[in-house]
Amino acid sequence: MKPRSLSYGPVASTMSLILAVVSASAVSAQDSSSDANVEEFEEIVVTGIRGSLQRAMDIKRNSKGVVDAISAEDMGKFPDTNLAESLQRVTGVSIDRQNGEGSKVTVRGFGPDFNLVTLNGRQMPVSSIEATGASASRSFDFANLASEGVAGVQVYKSGRAEVPTGGIGATINIQTTRPLNDPGMHASVGAKAVYDTSRNFGDPVTPEFSGIYSNTFADDKFGVALSGSYQKRKASFNQASVPDGWRGAYLGSENNWGTLPQIPEGGSESDINVINRPGPDDVYAVQQNLNYSLNDIDRERINGQLTLQFRPVDTLTATVDYTYSEHTIRTKRNDLAVWFDFANTSSEWTDGPVAGPINYSETFGTPTDLAMGGGMFAVKNENNSIGANLKWEPNDRLTLELDGHISSAKSGNDSPYGTNAVIGTASFIVARQSINYENEFPVLSVDFAPGVTGIDPALRTSTGSSFRNSYMRTEIKQAQLRGSYEFDTKLISSVDFGVAYTENNVRSAYSNVQRDTWGGAGPASDIPDDIFIRTTIADKFDQLDGSDDPSLLNEMFLWDFERMAGIIDDLYGACGGTGQCATDNYSTDRRTQEESISAYLQANSEFEIGGRPGNLTVGMRYEKTDVASQALVPIAIGTNWGGANEFGVIFSSDQDFTELTGEYEHWLPALDFDIEVMDNVIFRASYSETITRPGYADIQGGQTVNTIFRVDGGTGSRVIQDCCHLNPRTSTSRPNGTMTTRAISPPAGSTRT
C-alpha cells in the first residue's frame, strides 16, 4: 500500500500537526478492537514557507561539503521575481542589479566570472553584451530566468569530485520540476500587475502572468510538466554621474595635464584660483565631465519549459526536457553633459590626505559646447536547452545515469541601430561651467556666452554619432555518465564515479559605425526645431539634497531617437544612407573552442566516534582541456582626432584571422568530513581544489587595439606566444601551458591645438 499524502496550506499544516499528535495519543489508549475504525495518516506533507525552509535545511544538513539551498514553497511558487533575488538570501551570496533587478551573483567575494551555473547538473552556456566592445565574460545572468518553473537551487560552496569544475566561488545548480517526483495532477496559475512610480513618462502599470501544469498517467508511468511565464516591465532611472571617470589619483606634487596648477614660488592659492589646494603628499582626482541622464526602460521576459518522463519499471526512468528563455531590454536615454579641458580652472578642496572637490569650474575664452545626447540600447538574450537523461538501477546496489544535452545562449541587438547607439547634439554657448559638490546632488551651473539667455533649439547642431553592435553566442554539447555502488561495510559505504565530455563553442564580436564630427557636423539649421522638447531637471532628482539649488541649470531637451537617426542619415550618411545603422561587419571577432574530458572517483565512509555518527568522503577529479582560439586581427594604420580629448585608431581594410592552440590538465582532490557532535549539531570540515577558466579575451588568438584612446594613451591586448604557452595551429608540437595576455599601447596620435 502506498503512503497517503495530504497537502495543506501553512495554517492548515500547523493544525494538522496538532491534530495528528492528539489522534496518536487517543489511538494508543484504545484497544485493538477499535483500530479498524481509525484511519491512520501514514505521511503528512508540510507545504508553504515552512515546508520550503525544512527542505532547504535538510539539504544543507545531509549534503557532503558546504551546501546551501533554496526550495520552492510549492509548485510554481519560488520566492522572488528571479533567481538572483532569491540567491541573495543565502549566506555569503551577494548580487548586482541591472535596471533595478537582480542579475549576477558574487559568492564568498568571488565575482560572477568565478562561479559556474548548471541546470539539473548540466553546464549552462552564457552570453552577455558589452557597451563598447566584445564580451569576454563567463558570468551567468540570472535575470534571464523567471522563477516559476524552478523547484530548487543548490549552492556548492566547497568543491566535490562529482561536481563540475569552473567555479572557484561556487557551483550553483538550478533544479526544475520533474513530474514523476510528485505524482498526480498539480496546476498553478498566477497573474499580477506592477505599479512603478519611477516611470518618467507613460503608463506605470505592467502585467505579469505565469502558469505550471504537472500530471502523471498510466499508474504513474508517464509524466508531463509544462510551465511558462510572461513578464513586462516599464521603469525609469535618472542619473547624475561622471561617466567618463575621474582623472587621477594625482599627488599634490604632480604637474601634468589635468592636474591642478602649482603655487608659484613666493605666491599664494589666490594666484592659481585654488582654495585649500591638496598638499604635496595628498591624493586627489578631477572629473572629466558631468552628465545628467533620463533613462526609460522597457523589459520583456518570456520563459517556458516542457518535461516528459517515462518509468516503465521502478528501476528505469527516462527524462526529456526543453527549456527556453527570452529576455529583451530596451532603454531610451536623453542626457545633458559638459566636458572639462583643464585649462583656466578654479576650485575648492576638502582636507587631505584624500582630497575631494567642493567646487570646480572652468572658464573658456571661446564658448564651448553644451552637449545633449540621445541613446538607444536594445538587447535580446535568448537561451535554449534540450536534454535527455536515463537513470537505471540494475540491482539494489548499483545506480547508473546517462545524461546529455545541447544548450545555447545568444545575445545580440533588437534594433536596426545596434545594441548601443548614441547620437550627439550641441550648442556652443558656454562661457563658464561649474559644479558644486556640497550636497548629495552635484549642481551644474552655466554662464552663457554674451547674447545667449538660455537653451534654444534654434542653436542646436548635430555632432557625432556611434552605432555599436555587439554579439555573443555560446553553445555547449555535453555527455555525462554517472554512477554509484553501495557496499555492506561502513568502512566504504559507497563509491561514486563518472566521466564527461564537454564541447564549448564561443563567438564574441563587435562593430561600430561612428562619425567623429563632435565639433559639429553642419549648421544648426539642418535640424528642425520641433524635434526638441523642453523638460526640467530638478524634479527628476527631487529626492536628493541640493536638487533645488537655484543656480542649477534646470532645463534640457528631449528628442525622438528614431527620427533624429533618420535625419542625420539623410543629411550626412551616418548609416550609409540606408537607415540600417547596425552592421555585422565586425572589427573584433573572437572564436574559441574548448574540449574538456573529465573523470572522477569518490569513496564515502560512515563511522562512529564516541557513539556519534560521522561521514568521510574522499575524491579525486581529473580535468583535461584543449583550447583552439581564433581572432580577427585588425591592422592599425593611423589615428584621427574626434574632438577635445577624443582620438580614434584608423584600421586598414586588410584583416584576417589568426589561430592559436593550448591545453591544460589538472588533478583536483576533495575531502569532506562531518560528525554530529551533539543532537542537532553537526561539525563539518572540507578541503578541495578547483579551477575557474580564463575569460575569453585572455585566450584570444591574436592582437586587438581598442578604437578609442586619450592623450595619455590607450589599451589593447594580445596573446604572448612562446615555447611553453601558446603555439600556432600550424605548429607540429603543442606543449602544455596556459594562455596569458599583456597590455599594449596604440600608435601615438595627434594632439589638440
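Me: Which residue is the bridge partner of tyrosine 510 in E27?
Reply: Threonine 588. Bear in mind that this is a predicted model.

Me: And what strand pairing is there between E24 and E27?
Reply: Antiparallel, over 17 bridges. Strand E24 covers residues 494-515, and strand E27 covers residues 588-609.

Me: How many bridges join E27 to E28?
Reply: 20 bridges, and those two run antiparallel as well. Strand E28 spans residues 612-633.

Me: Give me a pair there. Which residue in E28 partners serine 596?
Reply: Threonine 625 is the bridge partner of serine 596.

Me: How many residues sit between the strands in the hairpin of E27 and E28?
Reply: Two. Glycine 610 in that hairpin takes a positive phi near 60°.

Me: Which residues are closest to the centre of the largest one?
Reply: Leu145, Asn303, Thr323, Tyr324 and Ser325. They belong to a lining of 26 residues.

Me: Which elements give two or more residues to that lining?
Reply: Strands E9 (170-176), E12 (222-241), E16 (289-313), E17 (316-339), E19 (357-392) and E20 (398-413).

Me: How does the lining divide into nonpolar, polar and charged?
Reply: Nine residues are nonpolar, 16 are polar and one is charged.

Me: Back to E27 for a recap. Which strands does it pair with?
Reply: E24, over 17 bridges, and E28, over 20 bridges.

Conventions. Residues numbered from 1 in each chain as written. Predicted model: local features only at pLDDT ≥ 70, side-chain atom pairs only at ≥ 80, totals over all residues. Heavy atoms only, no water. 1 Å grid on protein atoms, 1.4 Å probe; cavity = no way out; pocket = protein on both sides within 12 Å on 5 of 7 lines; lining within 4 Å. Helix = DSSP H or I, 4+ residues; strand = E, 2+ residues; numbered from the N terminus. Nonpolar A, V, L, I, M, F, W, Y, C, P; charged D, E, K, R; others polar. Pairing = 2+ DSSP bridges.
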